[in-house]
Amino acid sequence: LKVTAPITPVTKVQLNRALASEARCRAALEDAGVRFEVMADLVVDQNCGIAGRGRLTKLVTSRIEDVETSCATALRLTMWEHHVVQPAARDLLGADISRLRHIGSYNCRRIRTAQGQNSGWSSHARADSIDIVGMDTVDGRTLTLLSNWRDSEPEAAFLRQIWREACGWFRVVLGPDFNHLHADHFHLQGPGWGYCG
């Protein structure tokens, strides 16, 4: 997998191979200039921990606030940033994105629902997801889902486009239209049943 290569019919096959191999995953990130500092795997118990653990601080073009996550999550996020976020920002905002803002990836906890806590374990318990709350543009704008999602401005169109197109890189994508728990962030999850909402 070459992150910066144009998307072709075999890209998804190459991505799946890279996601299945920590060595291939790290090689793809390194080749793309992504800063993902290798860390020892975190083993907590059968429900919580991070395999392929690292500290992510830069994607292909944009910075990201320091986040501890898995290589697989970092690679999916990198593909989304390069092939969806930056092109959409150029088209709709007339500027690149300089930084992605998040509220974390790893969190040893159960799933939260609108009814309370679910008995199942969250994908965050294995750093299989990341929550994105907004982004900064190179010309000094700060976009947040809380402030811009319901606008009629280009910022809202941009956020809605990158939310829809995240579904091509993540299996589960939840946003403000899903429920009030996601009013301020995109939940981007690698493994899962396949849901975009």
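Reply: Gladly! Let's start with handedness: a crossing is left-handed if the near helix is turned anticlockwise from the far one by less than a right angle, and right-handed if clockwise. Here, helix 2 and helix 3 cross in a left-handed way. The contact joins Glu22, Cys25, Arg26, Ala28 and Leu29 of helix 2 to Cys71, Ala72, Ala74, Leu75 and Thr78 of helix 3, where contact means heavy atoms within 4.5 Å. By class, this contact has seven nonpolar, one polar and two charged residues. For the classes, Ala, Val, Leu, Ile, Met, Phe, Trp, Tyr, Cys and Pro count as nonpolar, Asp, Glu, Lys and Arg as charged, and the others, Gly among them, as polar.

Me: Before we go on, what kind of model is this, and how are residues numbered?

Reply: This is a predicted model, in which local features need pLDDT of at least 70 and side-chain atom pairs count only at pLDDT 80 or more, while totals for chains, interfaces and linings use all residues. Residues are numbered from 1 along each chain as its sequence is written, and side-chain values use heavy atoms, with hydrogens and water left out.

Me: At what angle do helix 2 and helix 3 pack?

Reply: Axes are lines fitted to C-alpha atoms, for helices over the stretch in contact, and angles run from 0 to 180 degrees between N-to-C directions. Angles under 35 degrees count as roughly parallel, over 145 as roughly antiparallel, 65 to 115 as roughly perpendicular and the rest as oblique. For helix 2 and helix 3 the angle is about 40°, with the axes 10 Å apart, so the two helices are oblique to each other. The helices themselves are DSSP runs (H or I, at least four residues; strands are E, at least two), numbered from the N terminus.

Me: And how does helix 1 pack with helix 3?

Reply: Helix 1 (residues 11-19) and helix 3 (residues 71-93) have axes 10 Å apart and an angle of about 155°, and are therefore roughly antiparallel. Their crossing is right-handed. Thr11, Leu15, Ala18 and Leu19 of helix 1 touch Ala72, Leu75, Arg76 and Met79 of helix 3. Six of these contact residues are nonpolar, one is polar and one is charged.

Me: How many salt bridges are there in the whole structure?

Reply: A salt bridge is a side-chain nitrogen of Lys or Arg within 4 Å of a carboxyl oxygen of Asp or Glu. The whole structure has 15 of them. One pairs Asp31 with Lys2 (3.1 Å, N to O). Asp31 lies in helix 2 (residues 22-31) and Lys2 in the segment before helix 1, so this pair ties together parts 29 residues apart in sequence. Another joins Asp177 to Arg160, with the closest N and O atoms 3.2 Å apart. Glu37, Arg53, Arg55, Asp66 and Glu68 are linked in a salt-bridge network.

Me: Where is Pro87 found?

Reply: Pro87 sits in helix 3 and is partly exposed, with a relative accessible area of 30%. Leaving aside residues up to four places away in sequence, Pro87 touches Glu81 and His82.

Conventions. Buried < 20%, exposed > 50% of the residue type's maximum accessible area, 1.4 Å probe, protein only.
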